[in-house]
Amino acid sequence: MNPYILTILLFGLGLGTTITFASSHWLLAWMGLEINTLAILPLMTQHHHPRAVEATTKYFLTQATAAAMLLFASTTNAWLTGQWNIQQMSHPIPITMIILALALKIGLAPTHSWLPEVLQGLDLTTGLILSTWQKLAPFALLLQVQPNTTLLITLGLLSTLVGGWGGLNQTQLRKILAYSSIAHLGWMMLVLPYSPSLALLTLLIYFTMTFSTFLTFKLNKATNVNALAISWTKAPVLTSLTPLILLSLGGLPPLTGFLPKWFILQNLPKQELAPTATLAALTALLSLYFYLRLSYAMNITMSPNNMIGTSPWRLPSAQLTLPLALTATATITLLPLTPAAMALLKL
């Protein structure tokens, strides 16, 4: 892609998200979300492949539906209450509609089915943008809307279950990462009504872990589980560290990914939601299983010894390794900062 066009599109992504962040009026927030969607569509179709075009079409239709729901809900709220302000919504019907519209935008269950299909059709770089940056603006609106606690808890539990269950039988890495995204968003929704700052911390840690996972797969040029078996010939040191990144994504101590799950499981019983916390912890085991599968395929499996699976030459990669080094270090080693996070969040 032409670098000038790429710069304009990335600027559009940043502008749309910033407008939504800065807005207190529903129409301005809607406009920011639309700019954000329109800016990523050319990035998704930059590789002229039928799967990329199909994924872009699915993404556009889904986001257009969610934006129409959001606009209708905000207009209904203005009709019922006379308010366009995001933080002054009081009527339960528009609040419920807006939460469902934002759930469709970020891919929460049961409105999740577009996310694995769209992510599967994209290259890893655009998939990384879709899994991280594109979730910021809708999440900022969710933080500002008065929470419908029952609805958010239901969406959160369903997402953790679907995210864990859906990833079990997958062999495509991008679909596995999509179900991982659904499960992590479910954890955020569980704690969002009670501690928005903790939900935001969970989102930031999820971004760090996802960033390092996507960059690892991009460095190895791996898109399915079998391709991980030959990664040791390309990057032996990274191959030995990747299980730690994957297990951190699964929330296993003593890695960084355990920190938000620990805080959430500590917070839910205080709200008299001990059964919810127990169910969420059990669904985390499902996610942990397929992360262990990836670790096993990467480190313990021998590569197939035929013409298709021949070991590649260890040529130097053109990818920048500094972002991967920084995010991988953060993904593995930040658990000792738990006391500082507790003091910051006043837990």
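Visitor: Contact here means heavy atoms within 4.5 Å, and with that in mind, which residues of helix 11 meet helix 13?
Guide: This is a predicted model, in which local features need pLDDT of at least 70 and side-chain atom pairs count only at pLDDT 80 or more, while totals for chains, interfaces and linings use all residues. Residues are numbered from 1 along each chain as its sequence is written, and side-chain values use heavy atoms, leaving out hydrogens and water. From helix 11, Thr239, Ser240, Thr242, Pro243, Leu246, Leu247, Leu249 and Gly250 meet Leu288, Tyr291, Leu292, Leu294, Ser295, Met298 and Asn299 in helix 13. Helices are DSSP runs (H or I, at least four residues), numbered from the N terminus.

Visitor: What classes are those residues?
Guide: The contact of helix 11 with helix 13 has 9 nonpolar, 6 polar and no charged residues; nonpolar covers Ala, Val, Leu, Ile, Met, Phe, Trp, Tyr, Cys and Pro, charged covers Asp, Glu, Lys and Arg, and the others, Gly among them, are polar.

Visitor: And how do helix 11 and helix 13 cross?
Guide: The axes of helix 11 (residues 236-250) and helix 13 (residues 274-299) come within 9 Å and cross at roughly 175 degrees, where axes are lines fitted to C-alpha atoms over the stretch in contact, with angles from 0 to 180 degrees between N-to-C directions. That makes helix 11 roughly antiparallel to helix 13 (over 145 degrees).

Visitor: Let's zoom out, what domains does the chain have?
Guide: The assignment, which comes from an automatic or database source, gives domain 1 (1-122) and domain 2 (147-346). Their centres, taken over C-alpha atoms, are separated by 24 Å, and the contact takes 17 residues from domain 1 and 19 residues from domain 2.

Visitor: What does UniProt place at residues 23-284?
Guide: An unreviewed UniProt entry places "domain: NADH:quinone oxidoreductase/Mrp antiporter transmembrane" there, although such annotations may be inferred rather than shown by experiment. In the model, residues 23-284 are 72% helix and 0% strand, with strands being E runs of at least two residues, and the end C-alpha atoms of this span lie 35 Å apart.

Note on methods
Contact = heavy atoms within 4.5 Å. Parallel < 35°, antiparallel > 145°, perpendicular 65-115°, else oblique.
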